[in-house]
Amino acid sequence: MSAPAAHAGAGEAPASGGVTVVVENVAKRYGAVVALRGVSFTVAEGEFLAIRGPSGAGKSTLLNLIGTLDRPDSGTISVGGKPVPSPREAVAYRRRLVGFVFQDHLLLPYLTAQSNVETPLLATGVERHERGRRSRELLAEVGLLDRVRHLPAELSAGERQRVAIARALANAPQLLLADEPTGALDSVAGDRVLGLLARTRDRHGMTLIIASHDPAVPARADRVVDLVDGLLG
Ligand SMILES: Nc1ncnc2c1ncn2[C@@H]1O[C@H](COP(=O)(O)OP(=O)(O)OP(=O)(O)O)[C@@H](O)[C@H]1O
Ligand SMILES: [Mg+2]
């Protein structure tokens with residue numbers, strides 16, 4: 001029996017409605033530190049899962065493995081029925097299937113809000129006029145059409161995070177991974193960002209996984225899993 005093909009083809013047409021994520025017995029250590037001790041769970045197509053746990057529990061490690069920023073020592077992860085590719089082979093997977101939102105927005109400081117949102121569209125070869133149209137549409141969706149020419153330093157922390165969400169959505173990912181997206185925000189701005197992520201999931205039909213210790217996240221999720229010391233509780 002042959003193994004299912006890994007995500008590879010840049011030309012693959014994405015299906016709508018999100019993708020399933022299956023994590024099986026995943027372990028990861030960094031030298032002497034065991035970050036994940038054999039974690040298994042499944043996320044359904046279009047589901048919003050919150051991963052909760054104290055600092056150091058392994059939440060970021062887990063999201064990074066699903067997003068192929070790093071690879072597990074053992075265990076398997078499949079997304080949409082296919083094993084995730086190794087980080088080196090994952091360019092198409094990261095550009096087309098998965099969107100990332102990090103705790104610190106990681107916007108490029110010398111680019112305007114609009115240009116930041118356009119960056120992933122450049123990578124996938126979308127032509128200039130269409131890039132402009134799509135990026136403005138996304139910035140409108142996150143309520144920032146009047147800030148398109150602002151540099152990150154000219155935006156509030158919540159606005160920067162909303163630009164980062166627009167950027168993560170640029171290539172219409174079927175899986176959105178958000179690592180502490182409200183970590184740098186006060187409760188009002190945080191609530192706005194979470195509401196936006198939840199509505200985006202509803203509107204675009206993607207699978208959404210948020211790792212956070214913000215208690216406001218589980219309140220909005222379909223389901224919560226607790227990660228403690230590298231193990232699911
Ligand atoms: N690149 C790395 N090198 C060495 N150790 C690491 C590395 N990344 C994470 N760790 C360790 O792995 C463990 C899990 O880290 P991780 O960042 O996944 O936790 P977390 O749950 O996201 O914590 P936080 O809530 O503080 O973001 C921690 O003990 C951390 O020190
Ligand atoms: Mg973390």
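1. A residue is taken as near a molecule if its C-beta atom, placed from the backbone, lies within 6 Å of it. By that criterion, ligand 1 is surrounded by Tyr30, Val33, Ala35, Gly53, Ser55, Gly56, Ala57, Gly58, Lys59, Ser60, Thr61 and His213. Strand 2 (33-43) and helix 1 (59-66) are the elements that give two or more residues to this shell, and helix 1 contributes the largest share, 3 residues. Helices (H or I, at least four residues) and strands (E, at least two) are DSSP runs, numbered from the N terminus.

2. This is a predicted model, in which local features need pLDDT of at least 70 and side-chain atom pairs count only at pLDDT 80 or more, whereas totals for chains, interfaces and linings use all residues. Residues are numbered from 1 along each chain as its sequence is written, while chains are lettered from A and ligands numbered from 1 in the order in which they are written.

3. Strand 1 (residues 21-30) pairs in the antiparallel sense with strand 2 over 8 bridges and with strand 4 (residues 74-79) over 5 bridges, pairing being assigned if DSSP finds at least two bridges between two strands. Val21 has Val43 as its bridge partner in strand 2, and Val23 has Ile77 in strand 4. The hairpin of strands 1 and 2 has 2 residues between them, and Gly31 in the turn has a positive phi of about 60 degrees.

4. Leaving aside neighbours within four places in sequence, Ile209 is in contact (C-beta atoms, placed from the backbone, within 7 Å) with Val43, Leu49, Ile51, Leu63 and Leu177.

Key
Two residues are in contact if their C-beta atoms, placed from the backbone, lie within 7 Å.
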